[in-house]
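Below are some comments on the model, for checking against the coordinates.

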Amino acid sequence: MAGGGGGGGSGASPLGHAPPMWYHRDLSRAAAEELLARAGRDGSFLVRDSESVNGAYALCVLFQKHVHTYRILPDDEGFLAVQTSQGVQPKRFKTLPELVSLYLQPSQGLVTTLLYPVEREETAVSDDRDYSDGEDEKPPLPPRSSSTSTPPGPDTPTDSTPAANGLSTISHEYLKGSYALDLEAVKQGASSLPHLNKTLVASCKRLNGEVDKVLSGLEILSKVFDQQSAFMVSKMIQQVQSVNQGGDQELENLVTKLAILKDLLSSIEKKALKALQDMSLTSPCSPPPLHSMRHSKSIPVQAFEVKLDVYLAELTKIGKSQKYTLSVDVEGGRLVVMKKVKDNQEDWITYTHDKIRQLIKSQRVQNKLGIVFEKEKDKSQRKDFIFASAKKREAFCQLLQLMKNKHSNQDEPDMISIFIGTWNMGSVPAPKNVASWVLCRGLGKTLDEMTVTIPHDLYVFGSQENSVCDREWVESLRALLKEQTELDYKPIAVQTLWNIKLAVLVKPEHENRISHVGMSSVKTGIANTLGNKGAVGVSFMFNGTSFGFVNCHLTSGNEKIARRNQNYLDILRLLSLGDKQLSSFDISLRFTHLFWLGDLNYRLDMDIQEILNYINRKEFDPLLKVDQLNLEREKNKVFLRFAEEEISFPPTYRYERGSRDTYVWQKQKATGMRTNVPSWCDRILWKSYPETHIVCNSYGCTDDVVTSDHSPVFATFEVGVTSQFVSKKGLPKSSEQAYIEFESIEAIVKTASRTKFFIEFYSTCLEEFKKSYENDSQSSDNVNFLRVGWSNKQLTTLKPLLSEIEYLQDQHLLLTVKSLDGYESYGECVLALKSMIGSTAQQFHTYLSHRGEETGNIRGSMRVRVPSERMGTRERLYEWISVDKDETSGPKGKSAVVCRSGHEYVKPSVIRKPLGELGKVSEEGERNSKEETAARPKQDGSDSDPSISKNSYNNPAYYILEGVPNQSAAAVSPELLPSPTSVNPQAAKPPPPSAGARSKPPGAASGPPHPRRQVRAISEESSSEDDGGACVVGAQGGGVGSTLNRPPPDFPPPPLPKGALEMVPEAPFTKPRSLYPDLAEVRIPAAGSAAHGDAFRRGGVGAGALDDQSCSVLQMAKTLSDSEFPGQPPRAPSAPPPLRGQPMGLGLDACRTFPPRNPITESIAEDMPEEALWGSSSSSLSVGESSVGEWLQRLGLERYEQGLLHNGWDDLEFLSDITEEDLEEAGVHDPAHKRILLESLRQQQQQK
């Protein structure tokens, strides 16, 4: 933190005796611009710390509604000066007040005279004592060692300042000044030269860091090729790197490092050659892995009872459904498929692991799985099976993946499993048995019993209020894991801040795959100086994949939401983890995968009695809608684009100690009676780069650990990893070099500045970061936003270190948009190279963020050219499982390729889309394969016309700045907003374009209006996303993978759920309307009506009330843009509009980006063949009863629909075979209901 930086000369503070009121310390650039915008007068100014240079300041001045920023830099003597143009002599000052006083006078070279200081808001020191949850009046004393880190490691972050720029300038300074002082000291008999020594130390700081990096790399090589001396080498390196003293010892330390470096460099090649020769002599194949002698528990053969899933056409041939048993032998690498035939005889087929080509999960039927087997002569066969439950299906897939991995011929893993746990221990030692925590047993989404004992590759334990000393805590965790897995897990790192601890342990076989371990902590307690609240973090590389873990304990108290939000932002900005070259990026963009866990302390905003009633009924959805963390995330105030698995367990706080039956919600304090409502304080969230693989397999809490008032929370993840790539063809020749080429980039940044900008590009595949030239186009339709563009002439071509496609498809490119005046970042983003590989340019479109806030949008066109000689690749283990690729009716609803995280990111599909289509942002578009794309319905021919789509880039409604008056409101036609009294079909039609906007292109309105254009259903749990602006629910919570996945723009909309909102206009379906009885009598409620009681608790106000909602600028823009410009081609009307959730109305809920927390049960009618849907004249089933759901609705038993579908009873013909036992398994326990169902089926059979 720059703090009050800028070392003043002679020890004087650069701020004078007291900080002036116009000095705002570490205020962000965006916040400074908002303060000046509110001030509104030319000459308004403030000073803040620079975001780009430690110890420097930024003078921000408002003139003609634009903010101008001047850097104030300290020189070698500590004097301050405003940065000037080349050749202009700067004016130097000892303190900031002296400097500012000069520029208060006219004609001093600034754009305007400094006239009106914008003073900081003095806030009373917030007392962080937790009166509400029983903490002591005084914060607890820290443990003896307030911050520990084990092991120290070469990459432990230090607080060293950036090095000086080489020896030349410092040498001149020494010869001009300090040289005389050393000469005088020698004359008086001194035997050392302290000033020269100081000069040399300062000059060599950069060299020190570079030597450390090289030594770390050589240390890894020595571990691989020279294990006998590797321990001594590591010890020597750690000894010299742990010394942090000045003067002679520091120089001597550097000389020692250089000597070690010389020895290692001269010997490593000989040692590597000898090691490889030994390997080739002992065995022609690769050496056995180091872990071959360490055996974990062998996994027994597991059997799954399933039913063969057949389509309607096949039922007549087969007759009744067939029951199978699938037996998985992980150790033997076999899958046995056994079916029962007549007279209790059995028929079975055995498939070895290499004959199982693919697993295909159904996204609509959660317990359905397709298996593709390899037959003779390169032929394959697919069989679909229905498992007893979704959990059984996931267990089967996990075992098969484990079997594939175990018998793979790859030396390095493609995928690892990670356990993450968080627990506020309540300052009481853990009980002897906490096995349920590490085995993920308890409440919520838990693992199947068949897989709970399979060891994970990484275990991450976060704890708060943990009074146990570090060594004892880690040993107890190791003993627990040894007892459950029979493996000796190795601690990678333990980081502690007072009683907040984070411990990471790894399987012994992976120990040598871990490198670049870093640790850090941030205090957010009283005045940000006490460690009773704060965060600890650990980061490392697993082969070629970077991981970050943050464990935090935020401010407590029901009402302290803003303080918790600030805690999060402080941690995000100040936690020093990861690659130091990425200091321009906050930690949410520094890692391939970042996991954030801890006691976040967000509470529920609801009356205590209501909360208890909902918990007793196990109805968590109403509570999750008033969860403070969910509400703050929806407003984009915290955890921007993070993901969290659906919560299906009760609140984990505040229980009566010794029991899990009672919540203790009142406590008598000196200040009065305090209420502590039950809440989900303990959470686990994550954020991953686009086009990476991550799936959350469990998320729950224990129900048998009762020593604390919090329950331990667990989550497990399946994560794709990359290996340290070694090119088989060596370094590329010039003719075989891959290139990353940009055709153009355009960005909209949220700023009142009008400076020029450039882009910096960072990636592990680049030798060093690269810069673009300054932007060559710039415009603004609103004072608070700026559109900047770079043509290909301004953008540099990047050359990756390696040119193999297998290497490049795992790489990512980090971009930061920086200003020329202050070199400060205005927004950062990450792009995946995988979708950009090809001979033609691909488009990208994603959001920009800075310091945890969304600051704009960026799009462009680029390609990654890979030479044909380097095109060979292979399938990753996690690509072996796909989702919904060839189900009967094509891909519908949510594509369940589950490798996305919270990034809103688009790549073009195989059918290339013009740049104008980029307004349709979809997170789900990242990794859809060619087969999926080909299976989608084709777009209308007009889709190729870029002029048809009017997106947020040229829509004045895009420019909405949170927290300041909307100066462009007049430019937005009132017709953009929905009429509050519309109750007829005409009101639902798209309004005409506003006067200030472009008119709709000719021909765009041809054809009947699509239902998605007619009605906009705005849901509290939906975001106004992709084409047409219809708010499709963002994710299928109970499904596989990330809850932030959304369907691609060209997917057909999902069917109407039961109980959806009514609307008047008749959708122009070509099929009989009776199929969708919910559309029969429709009306549009008033836009402002409170159809749901909690709409106002969540801030769901009308469109005009923008004050404290801080909704996403981009989402609001898309909402308004899509409403105004409906010129995009309609899709095939394959389903009714996706009317989920709330009544129509362009309130701020339209911009909410937080995913829904309910699983979306999609109509099984979509899965059925056409003839089954529409029936025939001879069928006894009416058209309105063509699905299981409609049949149940007629009987008044629709509550059983989900259970029947999940057990595979997904069409009425198939139901004729159902028994009482099957109904029991599907959740029908009432004998009367069983009789009704069976009698109805019997009558239908008789009518046939």
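1. In this predicted model, the buried residues of H25 are His1233, Lys1234, Leu1237, Ser1240, Leu1241 and Gln1244. They lie on the same side of H25, because the arc they cover around the axis is only 135°. An α-helix has 3.6 residues a turn, so residues three or four places apart point the same way. On the other side of H25, Arg1235 and Gln1246 are exposed.

2. Helix H25 runs over residues 1231–1247, and its length agrees with expectation: 17 residues at 1.5 Å each should span 24 Å, and the end C-alpha atoms are 24 Å apart. The N-terminal end of H25 is capped by Asp1230, with a side-chain oxygen 2.9 Å from the backbone nitrogen of Ala1232.

3. Some backbone geometry deserves a look. Most residues other than glycine have a negative phi, and most peptide bonds are trans. The peptide bond from Tyr653 to Arg654 is cis, with omega near 5°. Arg654 sits in the loop between helix H15 (628–634) and strand S23 (666–669).

4. Lys65 is not a glycine, yet its phi is positive, near 70°. Its position is the loop between strand S2 (57–63) and strand S3 (66–74). Lys65 counts as exposed because its relative accessibility is 56%, the cut-off being over 50%.

5. Ser427 also has a positive phi, near 60°, and is a residue other than glycine. The loop that holds Ser427 lies between strand S14 (415–424) and helix H10 (435–438). With 45% relative accessibility, Ser427 counts as partly exposed.

Key. Residues numbered from 1 in each chain as written. Predicted model: local features only at pLDDT ≥ 70, side-chain atom pairs only at ≥ 80, totals over all residues. Heavy atoms only, no water. Helix = DSSP H or I, 4+ residues; strand = E, 2+ residues; numbered from the N terminus. Expected span 1.5 Å × (residues − 1). Buried < 20%, exposed > 50% of the residue type's maximum accessible area, 1.4 Å probe, protein only. Arc of directions from axis to C-beta. Polar contact = N/O pair within 3.5 Å; in protein donor to acceptor, adjacent residues only side chain to side chain.
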